[in-house]
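Visitor: I would like to learn how to read a few features of a protein model. Where do we begin?

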Amino acid sequence: MAAQLGLALGVSGEFFRRNHPVPTLPGHAAHFRSLRSTPALSRDQALAFGELALAVTEVLETYVELPAVDLPSVALLDDPDPSDVAAAARDTREALGVEAGPVAHVARLLEARGVLVLRLPEDYVDPHVDAFSTHAGYRPLVLLSPVKNDLVRSRFDAAHELGHLVMHHDVEPGSKIVEGQAQGFAAEFMMPAEQVAPDLPARYDLERLIEAKRKWGTSVRALVYRAHALGIMSPTAYRRANQDLAQRGNPEVAPLGPPEAPTLLGAAADLLERNGVGLDSVAEENNVPIEQLRAVITAGSDTRPSLVPHHQ
C-alpha cells in the first residue's frame with residue numbers, strides 16, 4: 001500500500017514510515033477569509049499544504065533553533081462590542097513590543113513570536129484561496145494569498161489573521177461576526193485610533209490620504225473607512241471618497257511596492273547551507289521529497305534579489 005501511494009503521489013514509500021508524523025489541520029479549526037466562497041477542494045488543498053509545511057518545519061527544527069511560540073491570548077466577552085476588540089488589539093501591540101506609530105513589518109513580527117508565516121504557492125494550491133490561519137498545529141500558522149501582490153493588502157491580511165490567533169482559539173470560524181472582529185482588530189492594530197486620527201482628513205482629500213498611506217502602510221480605502229468609523233469623516237464625504245476610489249479602480253493609487261514576505265524558513269535553510277548541511281541530505285535523512293521541502297522553504301522565504309545578506 002505504501003508503495004502504491006508513493007507512486008500515485010510522487011513520493012517514496014518511506015515517506016509514510018518517517019519518524020515525524022504529518023500533523024492534521026481540520027477544516028473546522030481554520031479561519032478562512034472567504035470561507036463560503038472558497039470551494040471545499042481548494043480549502044483541503046490549502047490545509048494539506050499547511051500540514052506539509054508544519055511537517056517540514058518540524059524537520060528543520062531538528063537542525064536549527066527557531067523562535068519559540070510567544071503570542072498573547074485575549075479572552076473576549078460572549079458578545080463583545082467594537083471597543084472590546086480595539087482594546088484587544090492595543091493589548092496585543094503592547095504584548096508584542098510594538099512601539100507607537102506604524103508597524104514596521106507585520107509578517108516578521110509574527111515570525112519573531114513563533115508563528116509560521118507562508119505565502120501559498122500558486123502551483124500547489126488554488127491561487128484564489130484567500131489568507132487563512134489556524135492554531136491546530138504545533139505552531140500557529142498564517143498562510144497569505146499569492147494573488148495579493150501588494151504591500152498594504154498583505155500587511156492588513158497578516159494583522160487580520162493575528163486577530164484570529166489572539167482572539168479566536170475556541171470560536172467556530174467563518175461567521176461574519178468573527179471575520180468582522182478580526183477586521184476591527186487589524187484596523188486598530190495597524191492604525192491605533194489616537195495615533196492615526198491626526199493624519200485623517202475630515203473631508204475627502206486624496207493627497208493627504210496618500211501621505212497617510214505611505215506613513216501607516218495601509219490602503220487609502222482602509223484609511224477612508226477608518227476616518228468614517230472614528231467619526232472624523234462625515235457620511236457625505238465617506239460616500240464621495242468611495243465613489244472616487246471605485247472609479248479609479250485597482251491597483252489602488254500610489255502603490256507602495258511588493259507584498260511583505262516571510263523570511264524564517266529561508267533564513268533557516270541558509271544557515272544550514274552555511275554550516276555544511278545541504279537540503280538534499282535533510283530531505284533524504286527524513287524521507288521528505290526534496291521538491292516538497294523546497295516548495296515549503298520557498299513559501300517561507302523572501303525570494304526577491306537583495307543586496308543585504310539574508311542572515312542579517
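Guide: This is a predicted model. We begin in helix α10 (residues 235-248), where Arg248 and Asp244 are separated by about one helical turn because they lie 4 residues apart.

Visitor: What do the side chains of Arg248 and Asp244 meet in?

Guide: The general idea is that side chains of opposite charge can pair when their charged atoms come close. Here the side chains of Arg248 and Asp244 form a salt bridge, 2.8 Å from N to O. Arg248 has a relative accessible area of 44%, so Arg248 is partly exposed.

Visitor: How many salt bridges does a search of the whole structure find?

Guide: The search gives 13. One of them joins Asp70 and Arg113, at 2.9 Å from N to O. This pair links distant parts of the chain, 43 residues apart. Asp70 sits in the loop between α2 (40-60) and α3 (82-95), and Arg113 in the loop between α4 (106-112) and β2 (116-119).

Visitor: Are Asp70 and Arg113 buried, partly exposed or exposed?

Guide: Buried means under 20% relative accessible area. Arg113 has 18% relative accessibility, so Arg113 counts as buried. Asp70, with a relative accessible area of 44%, is partly exposed.

Visitor: Which residue forms a salt bridge with Asp280?

Guide: Arg294 does, with the closest N and O atoms 3.8 Å apart. The cut-off for a salt bridge is 4 Å. This pair also links distant parts of the chain: Arg294 is in helix α13 (residues 290-299) and Asp280 in helix α12 (residues 279-285), 14 residues apart. Arg294 is partly exposed, its relative accessible area being 40%.

Visitor: At what angle do helix α5 and helix α6 pack?

Guide: For a helix pair, read the angle, the axis distance and the handedness. Helix α5 (residues 151-167) and helix α6 (residues 176-190) pack at about 115 degrees, and their axes are 8 Å apart. The crossing of α5 past α6 is right-handed. The residues that meet include Phe156, Leu162 and Met167 from α5, and Val178, Phe185 and Met190 from α6.

Visitor: Which residues form a nonpolar patch on the surface?

Guide: Met1, Leu5 and Leu9 do, with about 340 Å² of accessible area together. Leu5 belongs to helix α1 (residues 2-9). Leu5 counts as partly exposed because its relative accessibility is 36%.

Terms used
Residues are numbered from 1 along each chain as its sequence is written. This is a predicted model: local features need pLDDT of at least 70, side-chain atom pairs count only at pLDDT 80 or more; totals for chains, interfaces and linings use all residues. Side-chain values use heavy atoms; hydrogens and water are left out. Patches are made of residues with over 30% relative accessible area and no salt bridge: like charges are joined within 9 Å, nonpolar side chains (Val, Leu, Ile, Met, Phe, Trp, Tyr) within 5 Å. Accessible areas come from the Shrake-Rupley method with a 1.4 Å probe; for residues, only the protein chains shown count as cover. Helices (H or I, at least four residues) and strands (E, at least two) are DSSP runs, numbered from the N terminus. Buried means under 20% relative accessible area, exposed over 50%, partly exposed in between (1.4 Å probe, protein chains only). Axes are lines fitted to C-alpha atoms, for helices over the stretch in contact, and angles run from 0 to 180 degrees between N-to-C directions. A crossing is left-handed if the near helix is turned anticlockwise from the far one by less than a right angle, and right-handed if clockwise. Contact means heavy atoms within 4.5 Å.
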